[in-house]
Amino acid sequence: MNTYIIVFCLHTRRFFTTNPIIKLMLFVPLLVLGLSGYSSHTEPAPSHLQEENDPPVRVLFDTDVGGDVDDAGTLAVLHALADHGEIEILAIGVVIGHEAAVPYVHAVNTWYGRPDLPIGTIKGEAPYSRDEYMAPIVEEFPNSLTQEAAPDVVKLYRQVLATQPDRSVTMVAVGPATNIYNLLNSPPDEHSPLTGKELMRQKVKFYAAGGNGNNELPKGRCGFNYRMDLEAASGELELLPSDFPTVFAGGSGSILRIGSAYKSVRPDHIIRRSYEEYYDGTVQDRQTWDQLRVLYACRPSSRSLWNTSSPGSIKVTMEGILSYTAAPNENRAWAYINDFITMREVLTELMVYDPRDK
Ligand SMILES: [Ca+2]
């Protein structure tokens, strides 16, 4: 039943956004879906995921900004959480190959008052390169960091991790797994005598993974992010230490679409402008895979809005099939929203936040 509803929603996307009767018909089952707890496989966040972080949560954020506009909406969420004192953004890494990505992230950081926030970028072969909205924003808003001038992302991550307290860093990947896989495989360097895997084991307290974009765990096709670099996706799941939780919290983003709320903010809001460029001039709702990954990772108190699976093993094949196996001693889980109404309110407030209203 639940699977049927989700498949129906995905295959009627056009009607979902334009036809009010269809919208109502779909909303009611979604509400029931949420209130019913979604699935017998899941439960409110297990005890090891219910702990409150002492704010601010220290965050490393890895993005394929430019491919899809949910990354832009997620940068808005990050900066809002930082302005609320809930998180400290340690650094942002770019995993996409487009030359506008670093200047775009720098423009966003600058607009939110964080021009000095470290930005790293992939220097080798990128999983893909695309710009669906960034170039006009880079033209319109101040920025001064180029792709060439930005440091290598793995070097930057190693440098940042090495200087943080043990078990203190929350990592969030909202794009292909390439940068994280390269970090796991990185050798000792001037920043740390540890390998990347050892460094993550020592420093990371939580990892929000970028997979399950198709909303198909506990078993099914992986989403766009993992598909863009299956070797890295499979590799990260082989290498990630089980010392810290790895949670796939973005799946419900296929269903929860937000973005039209930008119509109510000032015309020069940088993320509103990004959504306008993505949709050829008028903001529209867009899926929220990446915002969900960040919120689950960065605001532990929000985890009651998801049902989280019991601990288990999660793997992906080279054919792109994700699968979960319950296992008490493994430290991976997937999570789906159980309260869509509240989640929409929470994410919308963070996305439309304007630092000029501080
Ligand atoms: Ca993304």
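Helices (H or I, at least four residues) and strands (E, at least two) are DSSP runs, numbered from the N terminus. Residues are numbered from 1 along each chain as its sequence is written. The model is predicted, so local features need pLDDT of at least 70 and side-chain atom pairs count only at pLDDT 80 or more, while totals for chains, interfaces and linings use all residues.

I begin with helix α6, residues 101-111. Ten of its eleven residues are buried, so α6 is largely enclosed by the rest of the structure. Buried here requires 20 or more other C-beta atoms within 10 Å of the residue's own, exposed 12 or fewer, and partly exposed a count in between, with C-beta atoms placed from the backbone. Among the buried residues are Y104, H106, N109 and W111. Their cover includes α5, β3 (87-94), β4 (119-121), α7 (134-140) and α13 (270-278); covering is judged by contact, meaning C-beta atoms, placed from the backbone, within 7 Å. Just after α6, G113 adopts a positive phi of about 85°.

A cis peptide bond, with omega about 20°, links L217 to P218. N215 is found in the loop between β6 and β7 as well, and its phi is near 65°, a positive value in a residue other than glycine. N215 counts as buried, because it has 23 C-beta neighbours inside 10 Å.

Finally, D280 sits in the loop between α13 and β10 (286-287). Phi of D280 is near 55°, again positive in a residue other than glycine. With 8 C-beta neighbours inside 10 Å, D280 counts as exposed.

Technical notes: Contact = placed C-beta atoms within 7 Å.
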